[in-house]
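Open the model in your viewer and keep the selection panel at hand. Each stop below says what to select and what to look for there.

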Amino acid sequence: MRHCLTRALLASAGVAAVLSLAAVPAGGQARSYRAPRTTDGKPNLNGIWQALTEAHWDIEAHSAAPGAVLELGASNAIPGGLGIVEGQIPYTPQALAQKKENFANRLKLDPEIRCYLPGVPRAVYMPYPFQVIQTPTHIMVVHTFARAVRTIYMSDHKEAPADSWMGWSNGRWDGETLVVDSTGFLDSTWFDRAGNFHSDALHVVERFTATSPDHLAYEATIEDPKVFTRPWKISLPLYRRTERNAQLLEFNCIPFAEDLIYGHLRKEPAR
Amino acid sequence: MFNRLLLSTVLGGVLVAAFVAAGGGVSQAQTSQAKKWTVPRTPDGQPDLQGFWNNTTYTPLQRPTGVNKEFYTAEEAVEMINKAAAAEAEQTVPGTVEDVHYDFTQFGLDRSQAPLAQNLRTSLIVDPADGKLPPLTDEGRRRQTARAEARKRAGGPTDAVQNQSLSVRCILMDRNGPPMLAGAYNNNYQIVQAPGYVMILVEMLHGPRIIPIDGRAQLPPAIRQLEGSSRGRWEGDTLVVETTNFTDATGFQGSSENMRLTERFTRVDADTILYRFTVDDPSTWTRPWSAEVPWRKAVGPLFEHACHEGNYGLYNTLAGARAQDKREAEASASKPSK
């Protein structure tokens, strides 16, 4: 019923209002929205969500640019993007040099190309849907890309028992907001296709807040003293996939990267 | 040494006691316990299957040759397990490279150190009654031959990455299935339930199985997936999951992409889920066949199994084969010609 009421209100307020609501980052007027509840009384974030942004190319503001693969021409060219970073990424001078090096060699170095687990927060704004399956004790976040899975522990919080690609996530509710504190990362993942990167000292605090039945405001504070001079923030809206039959499809991308990784080890034809 | 000792203690003592106390077969144990035990419910009223589970078993899919009964006695089961566990513990020689890489008793990776549900069955297959896969259809036989020929044409296993198995390539393993069957180690699962969905996280390959239970239609036939596409429903306290839309590459025990799999998850007591499945694939077998294996409550959490990301074994296998090729080519080039 709450859904119906909200939808009716939104409809009467007009399309413009809906659009502006969708664009409001966390912390804005959208705070007043109260999400439907789960049986344990928490905001219900279940669903299939997706980012609509150019950030997977480059999380910083960037102009359109040619792609890195000649044969793909315009189909793989980089569209301009407003960026999701507040200001600029505060790299140390050495780390900034590394970022530029990463960009120059991205075809060789970007872990996405090899179908490696994408890490956090990159998994959130890759151009694929992800599903949230919410229980009082565990919130599972299942990503399409590489079948990456994050378990957010809502109770039994502990320090990361081992470093991993997707990190170790402890979650808690702050009113309407799911706050996820993640550590225990390997240094092997990137933030985007532009070579923005981190070290194994990465610490990410994310906030997921429903701003309408079909929108979440997402923001993350990123801290990594080995790479950045201070903590910095990203924010973007997430959209519910509202198709009637929306579902994650299998994207087991390993076979699609094997010739790239192992092709040079193929036996040469007998002479 | 510690492991051997543990084996004899655990398997010789506790397990026998458990088997005997259960009064023989698993089915009897279920009947007597079902009376006292009711399946817990989730807040929205579903039977609650949530938690961490492990489906490790020493019972083979097909009944071993020479065994002509459906159930072992408790003593026979312990002997079978002891023998298999000893073979597993002794498969490598201490101090060798193989021992470092493949001694699963280290780090508790071998089966004897996993939570083990009691199971007196001599095979996982319960139907046909002989515990064996039914005969292949003509089509199934032709496909088996065609697949074998295609493999031969593709060359040796180290000639190309695609010649290696899906499991070596970290693409799909027995634990992922479906059907989900144990391997030699790491047979851990976590089940979570949210309105409209059951999700099974398979630790092996961090495989998420999302099963809609909202009555939605199956995917169109054009969409094929290695793990098929699953739709679930409740029949009483049992979760029934139908899976179709497999690929030809899935090949479970030689199955075709037309395989229709029906799995049943029933929580029979606080510590056990009885997992049963039926494979219906007229393109492969002359009749459907069914198997069952109990899953045992386990201790979490699951860890990230980044298999592909760390697949040095596969890389080195192929690189080693190419180095070998080079050495052989050099050796034959330097041989004096006749």
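**Before you start**

This is a predicted model, in which local features need pLDDT of at least 70 and side-chain atom pairs count only at pLDDT 80 or more, while totals for chains, interfaces and linings use all residues. Residues are numbered from 1 along each chain as its sequence is written, and chains are lettered from A and ligands numbered from 1 in the order in which they are written.

**Stop 1: chain A as a whole**

Select chain A. It holds 6 helices and 9 strands. Helices (H or I, at least four residues) and strands (E, at least two) are DSSP runs, numbered from the N terminus. Colour by burial next. Of the 271 residues of chain A, 39% count as buried. A residue is buried if 20 or more other C-beta atoms lie within 10 Å of its own, exposed if 12 or fewer, and partly exposed in between, with C-beta atoms placed from the backbone. Among contacts in chain A between residues at least 6 apart in sequence, 59% join residues at least 24 apart. Two residues are in contact if their C-beta atoms, placed from the backbone, lie within 7 Å.

**Stop 2: the barrel**

Show the strands of chain A. They form a closed barrel of 9 strands in the order 1-2-3-4-5-6-7-8-9, with mixed pairing. From one strand to the next, the twist averages 30°. These angles run from 0 to 180 degrees between N-to-C directions, along axes that are lines fitted to C-alpha atoms. Two strands pair if DSSP finds at least two bridges between them.

Now walk along some of the pairs:

- Strands 3 and 4 of chain A run antiparallel, joined by 5 bridges. Find V141(A), which stands opposite R150(A) in strand 4 of chain A.
- Strand 5 (residues 168-174) and strand 6 (residues 177-183) of chain A are antiparallel too, with 7 bridges. Here S169(A) stands opposite S182(A) in strand 6 of chain A.
- Strand 6 of chain A also runs antiparallel to strand 7 (residues 203-212) of chain A, through 6 bridges. V180(A) has E206(A) in strand 7 of chain A as its bridge partner.

Which residue takes a positive phi in the hairpin of strand 5 and strand 6 of chain A? Select G175(A): its phi is near 65°, and the hairpin has 2 residues between the strands.

**Stop 3: a cis bond in chain A**

Go to P121(A), in the loop between helix 4 (106-109) and helix 5 (122-125) of chain A. The peptide bond joining V120(A) and P121(A) is cis, with omega about 5°.

**Stop 4: where the chains meet**

Show both chains. Their contact takes 33 residues from chain A and 38 residues from chain B. On the chain A side, strand 2 (130-134), strand 3 (138-143), strand 4 (149-153) and helix 6 (254-262) each supply at least two residues. Helix 6 of chain A gives the largest share, 4 residues. This side of chain A divides into 16 nonpolar, 11 polar and 6 charged residues. Ala, Val, Leu, Ile, Met, Phe, Trp, Tyr, Cys and Pro count as nonpolar, Asp, Glu, Lys and Arg as charged, and the others, Gly among them, as polar.

**Stop 5: the domains of chain B**

Colour chain B by domain: domain 1 is 1-37 + 71-120, and domain 2 is 39-59 + 125-322. The bounds come from an automatic or database domain assignment. In chain B, 17 residues of domain 1 are in contact with 19 residues of domain 2. On the domain 1 side, helix 2 (26-34) and helix 3 (74-89) of chain B are the elements that give two or more residues. Helix 2 of chain B has the largest share, 4 residues. By class, this side of domain 1 of chain B has 12 nonpolar, 3 polar and 2 charged residues.

**Stop 6: loops of chain B**

Select L116(B), in the loop between helix 4 (97-102) and strand 2 (125-127) of chain B. L116(B) is buried, because 21 other C-beta atoms lie within 10 Å. Not counting residues up to four places away in sequence, L116(B) touches T56(B) and R296(B).

Move to the loop between helix 5 (138-154) and strand 3 (188-194) of chain B, where P178(B) lies. The peptide bond from G177(B) to P178(B) is cis, with omega near -10°. C170(B) is in this loop between helix 5 and strand 3 of chain B as well. Its phi is near 65°, a positive value in a residue other than glycine.

**Last stop: helix 6 of chain B**

Select residues 312-334 of chain B, which make up helix 6. Its 23 residues reach 32 Å from first C-alpha to last, close to the 33 Å expected at 1.5 Å a residue. The expected span is 1.5 Å times one less than the number of residues. Helix 6 of chain B is hardly covered, with 2 buried residues among its 23.
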